[in-house]
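Please consult the sequence and coordinates alongside the text.

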Amino acid sequence: MNNDIIVLAVVPMRGMVVFPGMTLNFDAGRDASVKALEAAAQAQTEVFLTAQRSADVDEPEAADLYNIGTIAKIRQVMRIPGNAIRVVVEGVRRGVMREIVEKTPYFQAVVETVYSQYDIDHNTEAAYLRMLKRNYEEYFAQAPKLAAEGFMSVMSAKSLDRLCDIISAGVDFDPEKKQELLEEFDIIRRCEKLLSALSEQTQIARLEQQIAKKVKTNIDRNQKEYYLREQLKVIHEELGDGDDIDDESEEYRKKIEKLKAPKDTKEKLLKEVSRFAKMPPSAAESGVLRNYLDTVLELPWNNMTKEGFDVEKTRQILDEDHYGLDKIKERILEYLVVRQLTKGKSGTILCLVGPPGVGKTSVAKSVARALGRKYVRVSLGGIHDESDIRGHRKTYIGAMEGRIMAAMREAKTKNPMILLDEIDKMGADYKGDPSAALLEVLDYEQNNAFRDHYVEVPFDLSQTLFITTANTLDTISAPLLDRMEVIELSGYTREEKFHIAKDYLIKKAADKNGLDCKKFKVNDDAVYELIDYYTREAGVRKLEQQLDALARKSARLIMEEDKKSVRITKKFIAENLGKRKYHFDMMNKKSDVGIVRGLAWTSVGGETLSVEVNVMDGTGKLELTGKLGDVMKESARTAVSYIRSKSAQLGIDEDFYKTKDIHIHVPEGAVPKDGPSAGITMATALVSALSNKPVRNDIAMTGEITLRGRVLPIGGLKEKSLAAYRAGIKTIIIPEENKPDIDDIPSEVREQIHFIPTASMDQVLKNALS
C-alpha cells in the first residue's frame, strides 16, 4: 500500500459525501469553511473534504467529523451575496485524517493518502464490472430523472475502482451508506456492498413507479366519475363563481352577435364560447380560451375609417413633408388617384427602395396622413419564422397572433395603412419562410380571407393599404417582388440636402433640444461644410445627427455663458465636431499621361476615382492593384485585348504585350471596387500610357467596354454626375444608351457639365486625349 502524508485545510461537509473523480459545486457560508477554501485556492493547494456525522451541527469539532474523506482540487471560487462563496471542486483520491494540527481560523490536519486494495485477476474484475453495469442499467430504467450523461459515464468506465466511485456518487444513497462505501478500501468488499445497496435502491424505485401509476389511475377514474355525475351548474355554485362565468360568456355572445363577420366565423366563435362556459375558471385551458376570444373580438371587424382623398391636398402634404423627390411624389399621386377611381380594387403594392435615410418611412407616413388613414408600422427586419407573420396555433403555450393581425388590433380600423418596413431583411430557416407567408397578405386576390394560425377564422385584409420598404432588391424573393411595384429613391443631391437642412432639419434639431430658430442659427456655408466633410450618405440621417449635436452644444453654451443665441459657422463646427471626417478628390490640376478620372456608384452616392497606368519595359506582364473585383479585372483584360486589336490604328507598338509590363492601379488601395463601368476609363488610360498622349484633366468618363470597342450602358448616372460636379469636372463621357438618363440629373448640374454620349471607343479617345 502506497501512502502520502500532507497537511491540508479541512472543510466539513453537511449531508454530502465527495468521491474521487467527482466534480461538485456547492455554496460555503460558514466562516471557517470560507476561509479554508479561500486560503487553499490562493495557495493553489488541495483541501480535505470530509462529511459531518450530523448535519445539524453548525460549528463541528474534531469528534463531529469522519476521519476518512476525499482530497480534492479547487477548480473555481466565486463570491456570492451574503459573505458566502460558490466553489467547484474535483475529488482526487481517498484520504485519512490522522491528526488535527490547527483549529483556528479553520481546521488543518495531517492527511494520509490511501489507495484501494486492488488484488484481483482480470476475469474477476471483468465479472464485477459486468454485474455492476447491469444492475445500474436496471436502476436507471426505474429512475427516469437521472441524466443520460451519468449513464454514459457508467457504461464507458473501464476501471472497477472508478466505476464504484461513479455509481456511489450518482445513486441516491443516504449519506451514511455513501460514507460506508467511501471508507471501504478493499475493492472486492466495496463491490459487494455496492451491489447490495444498488439492488435495494432498484427495488425502492420500482415500488415508487408502481405507486405513482396507481395514484394516476385512481385520479383519472375519479375525475371521469366526477364529470359524469356532476352537473356544470352545481359545480359552479359549489365553487362560488357560476354567476361570473355565465355573465362573461353572455358578454362574449353579445359581442359576437354584433360582429359584421361571416356566418361561419360567428358559429366558430360561439362554439368556443360554449366550451369556455363549460370549463371551471381554474382550468388551464380556460385562460387560453379567454385570451383567444379577447384577441379575436378586439380585431376591427366593424370599424372603418372614412377615407378622404384630394389630389391637391395630398400634393401639399407631400411637399410639406419632403423636399424634392418630384418623380416619387408624382408616382404616388398616380397610384392614389387610380386606387380612388377603382374604389380600392387596384391590386398594386408599392415597394419604396433606397439607401438608409432617404425618406422611405416618412413618405409612407405622409401617404397615410393625406388619406386620413390610421398608420401602423410593422418591422420585418430579422424575422426568420413564418409564425411571426401567420401567428402560432393557440394550443402552444404563450401562443399569440402574427404581426399582421397584431397591427390590425393596434389600428382598431379595418382599413389602415400598414407599412411593412425592411422587407429585404427577412430570413428563412427550418421554421419556415416568412416571405412565403407574405405572398397571401400582399395579394389582393387572396387576402380578403387571410387566415392567421392563432385567430383560425378568415379576416378581410383587402381594405388595408400596404406599402413596403427595402434597402435592396437582391434579397427579396422573386414571387414576393413580383407582387410589388418598385419605386426607387436614389438619394439626395448636395443642393437637395442643403434645402432639406434649411427647411426641415435645423428647425427639428432646435425644437428637439429646447431651442428655436432665433437662438439656433446656422450659416449656409456651415450647412455645406456638414454635407461635404462631416457626412457621407445618400440620405440625410447622419446630417440630422450632426445638427442635433450642434444644437446640444449650443443649448449648453446658452445656459452656461448666458448667451441669447448661437450662430453655427465653419469655425464653430471645427471646434465642436472635430476635424473634417471625409474628403473627396478634386479635378486634376493638369493633363497627365496614363491618368484618367472615372466615376463610380456607391450605396451612399457617387464617387470619382482615378485610374493610373504605368508602362515599363518587361515581358508582357499585366499587374492589377487597388483591391479590384473580378468584374473590374475582366474589364482591364478586355481593354488590353481591344488595344491589341487596334494597335496600328492607335499608333501603338504591335508587340507591346510582349515587350512591355503594364501596371494598372485604382486608388484608394484599401477600398474594394468592382463593376463593369470603369471599362472605357481603363482603356483610355492604357492608350494614353502606351501612346504617351496626355488625357484632359477636366474630363471624366463611365461606361462598359466590349472586345470590339463598343460602349455599353451603365447605371447610377445621376449619382456619378453629382460626384463629377462636386469635383469640378466640366465634361463627362457617357454611353449613347444613357442619353435619356440625362433628364434625371438636377438642372444645376446639367448647366455646369457638358455630356458627350458615345457609342464606341474611337469617339471616347477622340474626346479624351489632348
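With which residue does D161 form a salt bridge, and how far apart are the closest N and O atoms? D161 pairs with R190, and the closest N and O atoms are 2.7 Å apart, where a salt bridge is a side-chain nitrogen of Lys or Arg within 4 Å of a carboxyl oxygen of Asp or Glu. This pair links distant parts of the chain, with D161 in helix α4 and R190 in helix α6 (residues 187-229), 29 residues apart.

The model is predicted, so local features need pLDDT of at least 70 and side-chain atom pairs count only at pLDDT 80 or more, whereas totals for chains, interfaces and linings use all residues. Residues are numbered from 1 along each chain as its sequence is written, and side-chain values use heavy atoms, with hydrogens and water left out.

**Overall fold**

The protein chain has 28 helices and 26 strands; helices (H or I, at least four residues) and strands (E, at least two) are DSSP runs, numbered from the N terminus. With a radius of gyration of 41 Å, well over the 27 Å that the globule rule gives for 770 residues, the protein chain is more spread out than a compact globule. That radius is taken over C-alpha atoms, and the globule rule is 2.2 Å times the number of residues to the power 0.38. Along its principal axes, the C-alpha trace spans about 105 × 85 × 65 Å.

Of the 770 residues in the protein chain, 47% are buried, a class that means under 20% relative accessible area, with exposed meaning over 50% and partly exposed in between (1.4 Å probe, protein chains only). Among the contacts in the protein chain with a separation of 6 or more, 72% come from residues 24 or more positions apart, a contact being heavy atoms within 4.5 Å.

**Charged pairs**

The structure holds 45 salt bridges. One of them joins D58 to R14, and its closest N and O atoms are 2.6 Å apart. D58 sits in the loop between β3 (47-51) and β4 (68-80), while R14 sits in the loop between β1 (4-13) and β2 (23-28), so that the pair, 44 residues apart, links distant parts of the chain. A further salt bridge is made by the side chains of E386 and R390, at 3.6 Å from N to O. Elsewhere, K177, E180, E184, R189 and K193 are linked in a network of salt bridges.

| Residue | Relative accessible area | Class |
|---|---|---|
| D58 | 48% | partly exposed |
| R14 | 38% | partly exposed |
| D161 | 22% | partly exposed |
| R190 | 1% | buried |
| E386 | 26% | partly exposed |
| R390 | 14% | buried |

At the start of α4, a side-chain oxygen of S159 comes within 3.4 Å of the backbone nitrogen of D161.

**Cysteines**

The structure holds zero disulfides, a disulfide being a pair of cysteine sulfur atoms within 2.5 Å. C351 is buried at a relative accessible area of 0%, and C517 is partly exposed at 43%.

**Nonpolar cores**

A nonpolar core is a set of buried Ala, Val, Leu, Ile, Met, Phe, Trp, Tyr and Cys residues joined through side-chain atoms within 4.5 Å. The largest such core has 55 residues, of which F520 and I568 touch the most other members. Helix α20 (residues 541-560) gives the most to this core, with eight residues. Not counting residues up to four places away in sequence, I568 touches F520, K521, V522, N523, A526, L550, S554 and I573. A second, separate core of 52 residues includes F26, Y106, I167 and A197.

**Two further buried sites**

S647 lies in helix α23 (residues 647-650) and counts as buried at 5% relative accessibility. Leaving out residues up to four places away in sequence, S647 touches I652, D653 and E654. N738 is found in the loop between β25 (731-735) and α27 (747-752), where N738 is buried with a relative accessible area of 2%. Its contacts, neighbours within four places in sequence aside, are with P713, I714 and L717.

Methods:
A polar contact is a pair of N or O atoms within 3.5 Å; within protein, one must be able to donate a hydrogen and the other to accept it, and residues adjacent in sequence count only if both atoms are side-chain atoms.
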